[in-house]
Amino acid sequence: MAQHVDKQAAAVLPFWTGVKPLQAILPSQARLVLHAGPPFRDAAELPPAIRNSVLVGILYEGWASSKTEAQALLDEGGVQLAPAQDYDVVVPLAGVVTPSMYVLEVSDSNRPENKKYSVLNEGMQWCTRLGIFADEMVPHLRWLHQDLGSRLASHFGGPVNLAPIVQASLLNGDDGHARTMHASGLLADIIVSWGINDEQSTSFLYGAMAWALNYWMAASALILATQARAEGADAIVKVGGNGLRFGLQLAGSSNWLVVDAPLIAGQKEAAKEQAQALGALGDSAVVDFLGLGGQCLDLAGLSAKNLQAFLPADYLSRQSRFLMTRLPFLAGRLGVSDMAAIKTSDTGPLVLLGMIDVAGEQGRIGGGVATVDAQLLHRLKEWQHETTVV
């Protein structure tokens with residue numbers, strides 16, 4: 001298949017360029033809660049897991065003093081819910097980001113005005129991305145953002161070229177999505193070298209095995225969004241799921257195209273086999289659509305082994321049918337999923353995802369893969385619910 005090369009996307013070199021609170025980027029937003037994927041119709045539609053995360057965000061901001069008050073505020077329309085990607089931010093799984101939370105800034109070194117942002121990775125336990133509600137959540141988030149995040153902003157020693165880090169990680173067992181342990185350690189080394197080396201911070205950073213994922217999400221979103229609308233080609237510039245719907249946006253459009261979120265095929269953890277998982281969710285799908293995650297299983301042998309029972313037979317080579325652009329970010333590997341090629345070949349990205357308990361009680365219940373193919377894309381319909389982006 002002939003390659004459709006988007007020269008603008010191919011030229012992007014993502015650098016980590018700063019850390020700042022969301023409200024510094026969106027100062028006019030008073031009570032804004034950003035979530036992954038396409039919009040929800042209203043608060044009543046939120047799955048319990050995502051509702052939990054929104055309530056935690058409300059309590060973290062101090063907009064309510066109890067869970068009951070937070071629920072009332074949410075149900076009465078006292079907060080604005082919106083897709084994070086509509087504000088140039090990416091959020092993993094069932095997570096949220098609110099105004100005083102700190103975000104990572106990733107910029108194109110060739111065109112520094114092009115930026116994307118990702119919320120700080122929350123670690124492995126008290127995480128809004130897991131869709132749980134617990135008393136420990138708000139204190140942890142306060143430490144993460146008001147302590148660690150604030151110090152990251154003031155001690156920032158960058159800019160940091162992200163390409164060598166992702167490339168080294170892929171050669172050391174990472175896939176860039178489900179497994180990011182090597183890259184997370186490299187980034188932790190950099191942060192500690194800036195003087196953020198107290199025991200609590202170093203313990204957290206070296207224990208946050210998915211710390212790097214949030215950087216790869218922002219970098220991937222940056223490259224995808226840089227694509228130009230090409231004659232005869234539909235460039236996918238945003239993509240993600242909210243647990244109910246999976247959606248994407250095309251270059252030159254501000255409208256979400258949505259379909260029912262595909263199921264995640266995977267192995268559930270012991271004692272959680274009876275729990276039901278939400279459909280594909282999280283903005284981390286941008287990573288796989290760029291060419292990481294499920295498209296790097298030819299390098300990431302352990303990830304492939306763990307998912308073997310749920311992968312198609314051609315998982316080692318299928319990416320060559322829909323990845324069309326050679327990316328410096330990936331050391332010249334093919335990247336950027338081409339919508340026309342997906343439809344023509346009926347072969348699309350394998351999206352590696354955590355499985356989140358739909359009831360919002362057990363958090364992560366396993367891990368697996370969702371497949372995006374032509375049949376799924378042919379069912380996409382334009383989002384009809386009116387949304388406002390300020």
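Predicted model: local features only at pLDDT ≥ 70, side-chain atom pairs only at ≥ 80, totals over all residues.
**Entry 1. Aromatic pairs**

I took up the pair of Trp16 and Phe156, which is edge-to-face, with 5.1 Å from centre to centre and 70 degrees between the planes. I then looked up where the two residues lie: Trp16 belongs to strand 1 (residues 14-21), and Phe156 to the loop between helix 5 (137-155) and strand 8 (160-161), so this pair ties together parts that are 140 residues apart in sequence. Trp16 is buried, at a relative accessible area of 0%.

I next examined Trp211 and Tyr215. Their ring centres are 6.3 Å apart and their planes stand at 55 degrees, so I recorded the pair as tilted. Trp211 is buried at 1% relative accessibility, and Tyr215 is likewise buried, with a relative accessible area of 0%.

I asked which residues the ring pairs link into a cluster. The cluster comprises Trp16, Trp143, Phe156, Trp194, Phe204, Trp211 and Tyr215.

I also noted a charge over a ring: Lys67 lies over the face of Phe133, at 4.3 Å from the ring centre.

**Entry 2. Helix 6**

I listed the buried residues of helix 6 (residues 163-170) and found Ala163, Ile165, Val166, Ser169 and Leu170. They are on the same side of the helix, because the arc they cover around the axis is only 165 degrees. For background, I noted that an α-helix has 3.6 residues a turn, so residues three or four places apart point the same way. I then asked what covers the buried residues of helix 6. The cover includes strand 1, strand 8, helix 7 (181-193) and helix 9 (213-225).

**Entry 3. The largest pocket**

I looked up the largest pocket and recorded about 850 Å³ of space in it. Its lining consists of 33 residues, and those nearest the centre are His177, Ala178, Arg179, Gly354 and Arg364. At least two lining residues come from each of helix 9, helix 11 (301-307), strand 16 (350-356) and strand 17 (364-371).

**Entry 4. His145**

I located His145 in helix 5. Is His145 buried or exposed? I found it buried, with a relative accessible area of 0%. Leaving aside residues up to four places away in sequence, His145 touches Tyr60, Ser100, Met101, Tyr102, Val119, Leu120 and Ser150.

Key. Residues numbered from 1 in each chain as written. Heavy atoms only, no water. Phe/Tyr/Trp six-rings, centres within 6.5 Å; stacked < 30°, edge-to-face > 60°. Helix = DSSP H or I, 4+ residues; strand = E, 2+ residues; numbered from the N terminus. Buried < 20%, exposed > 50% of the residue type's maximum accessible area, 1.4 Å probe, protein only. Lys NZ or Arg CZ within 6 Å of the ring centre and 35° of its normal. Arc of directions from axis to C-beta. Contact = heavy atoms within 4.5 Å. 1 Å grid on protein atoms, 1.4 Å probe; cavity = no way out; pocket = protein on both sides within 12 Å on 5 of 7 lines; lining within 4 Å. Points joined across faces, edges and corners; volume = space filled by probe spheres on them.
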